[in-house]
Amino acid sequence: MELTAALLDLCKGVAQPVIAIDGPAGGGKTTLAQNLALAFSTSLSTTVIHMDDLYDGWDGALDEDFSSVLSHIVGSHKKSENISYSSYNWSEAKFDEAKEVPRTQLLILEGVGSGQSSIRSSLAALIWIDINDKQGLARVIARDGESIRVPMEKWLTLQEQHFHLEGTQNAADFILTT
């Protein structure tokens, strides 16, 4: 995979590298993050953090609190410290108790908002995965069920506003289309 080789080259010259995989819902960000973590596992200890774990539900996602938590996670990683954060429990609509993730050599952030401007200067690479909104919505519904349709339709508007304000796609080092 050419992308993996290019990312490995980028990470070699960076202390505590961070890779962000951003783009619209349903594009395959989680799958790419898992594949990259597996590919890097022979040369770098790797941790993947999913933005879905950091959102404060549907209505509190992509807000200032989210940005603060994301900045804290990246800051801890860059200082080669353990990472402590609380994951959102979607079924109970609240955050679980904080967990600690041991320090790692490479941090991969995946999900909408992972490439936002507040942490961009700390990224070794920003990957944008592009997908048509309708196709992305269809993938999410197929994966998570019809009950997710209404909040996802609202989410599509929120993520589009976020991407527009942040200029995420234009800041990407790599653009993939699904």
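**View 1. Arg143 and its partner Asp144.** Arg143 counts as exposed because its relative accessibility is 56%; exposed means over 50% relative accessible area, buried under 20%, and partly exposed in between (1.4 Å probe, protein chains only). Arg143 forms a salt bridge with Asp144, and their closest N and O atoms are 3.0 Å apart. A salt bridge is a side-chain nitrogen of Lys or Arg within 4 Å of a carboxyl oxygen of Asp or Glu. Asp144 is partly exposed, with a relative accessible area of 39%.

The model is predicted: local features need pLDDT of at least 70, side-chain atom pairs count only at pLDDT 80 or more, and totals for chains, interfaces and linings use all residues. Residues are numbered from 1 along each chain as its sequence is written, and side-chain values use heavy atoms, with hydrogens and water left out.

View 2. A search of the whole structure finds five salt bridges. In one of them, the closest N and O atoms of Arg120 and Glu166 are 3.6 Å apart. This pair links distant parts of the chain, with Arg120 in the loop between strand E7 (106–110) and E8 and Glu166 in helix H5, 46 residues apart. Helices (H or I, at least four residues) and strands (E, at least two) are DSSP runs, numbered from the N terminus. Arg120 counts as partly exposed because its relative accessibility is 21%. The side chains of Glu92 and Lys94 also meet in a salt bridge (3.8 Å, N to O). Glu92 is partly exposed at 48% relative accessibility, and Lys94 is partly exposed at 45%.

**View 3. The ring pair of Trp58 and Trp90.** The whole structure holds seven aromatic pairs. Rings of Phe, Tyr and Trp (its six-membered ring) pair if their centres lie within 6.5 Å; planes under 30 degrees apart count as stacked, over 60 as edge-to-face and the rest as tilted. Trp58 and Trp90 pair edge-to-face, at 5.3 Å centre to centre and 65° between the planes. The two residues lie in distant parts of the chain, 32 residues apart: Trp58 in the loop between strand E2 (46–50) and H3, Trp90 in the loop between strand E4 (88–89) and strand E5 (94–95). Trp58 is partly exposed, with a relative accessible area of 30%, and Trp90 is partly exposed at 35% relative accessibility. Ring pairs link Trp58 and Trp90 into a cluster with Tyr55, Phe66, Tyr88, Phe95 and Trp155.

**View 4. The ring pair of Trp128 and Phe163.** Trp128 and Phe163 form an edge-to-face aromatic pair, 4.7 Å centre to centre, with 75° between the planes. This pair too links distant parts of the chain: Trp128 is in strand E8 (residues 125–130) and Phe163 in helix H5 (residues 149–166), 35 residues apart. Trp128 counts as buried because its relative accessibility is 3%. Phe163 is buried at 7% relative accessibility.

**View 5. A negative surface patch.** Asp56, Asp59, Glu64 and Asp65 form a negative surface patch. Patches are made of residues with over 30% relative accessible area and no salt bridge, with like charges joined within 9 Å and nonpolar side chains (Val, Leu, Ile, Met, Phe, Trp, Tyr) within 5 Å. Asp65 is found in helix H3 (residues 64–78). Asp65 counts as exposed because its relative accessibility is 56%.

Methods
Accessible areas come from the Shrake-Rupley method with a 1.4 Å probe; for residues, only the protein chains shown count as cover. Lys and Arg count as positive and Asp and Glu as negative; His and the chain ends are not counted. The place of a charge is taken as NZ of Lys, CZ of Arg, CG of Asp or CD of Glu.
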